[in-house]
Amino acid sequence: GKNFITTNAVEAILAKPGKAPQEEFHWTTRPGYGKVPVYLRRNKEIIAAEKEQFETYMRMQTEMNTDAASVLSDDERVQLLSHLKKKWGSINTAYQKCGLAVDSQPKKLRKEAMERELAEIERDI
């Protein structure tokens with residue numbers, strides 16, 4: 001006869017392990033499903049606070065600007081113009097000393113910065 005005990009033992013040793021039946025996971029059954037996460041609520045509150053702070057700051061700036069934008073007296077105007085012209089003269093002198101040959105990147109950047117500054121002062125005058 002056939003030795004069933006040995007045959008059964010060999011089959012059990014050679015058999016691939018079976019998978020235990022697992023219950024399928026559903027996200028909708030999670031406890032926090034459908035609720036906004038805490039970190040998102042916190043970030044939203046922080047952003048709202050920053051926005052409110054910025055709006056308050058902008059409101060204060062506009063209020064200050066309406067007060068500060070007063071007409072200059074002739075004396076102040078002349079003083080400001082003379083200061084701007086002196087500044088323009090000093091920058092223009094430095095600019096003209098640079099020369100026409102722009103052979104390196106730093107020189108080019110310095111020259112462009114001076115050109116921008118001169119244009120800005122001219123616009124202000």
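Let me begin with a definition, since much of what follows rests on it: by contact I mean heavy atoms within 4.5 Å of one another. What you see above is a predicted model, with a mean pLDDT of 86 over the protein chain, and 96% of the residues reach 70 or more.

Helix α4 runs over residues 105-124, and its 20 residues reach 29 Å from the first C-alpha to the last, close to the 28 Å expected at 1.5 Å a residue. Which residues of α4 are buried? They are K111, M114, L118 and I121, and, seen down the helix axis, the buried residues of α4 fall within an arc of 90 degrees, so they line one face of the helix. The face turned away from the buried side of α4 carries R116 and R123, both exposed.

What do the buried residues of α4 pack against? Their partner is α3, residues 74-97. M114 gives a detailed view here: leaving aside its neighbours within four places in sequence, M114 is in contact with I91, A94, Y95 and C98.

Finally, the largest nonpolar core consists of five residues, namely L84, I91, M114, L118 and I121. Both α3 and α4 supply at least two residues of this core, and α4 gives the most, with three.

Technical notes:
Residues numbered from 1 in each chain as written. Predicted model: local features only at pLDDT ≥ 70, side-chain atom pairs only at ≥ 80, totals over all residues. Heavy atoms only, no water. Helix = DSSP H or I, 4+ residues; strand = E, 2+ residues; numbered from the N terminus. Expected span 1.5 Å × (residues − 1). Buried < 20%, exposed > 50% of the residue type's maximum accessible area, 1.4 Å probe, protein only. Arc of directions from axis to C-beta. pLDDT = per-residue confidence, 0-100. Core = buried A, V, L, I, M, F, W, Y, C linked by side-chain atoms within 4.5 Å.
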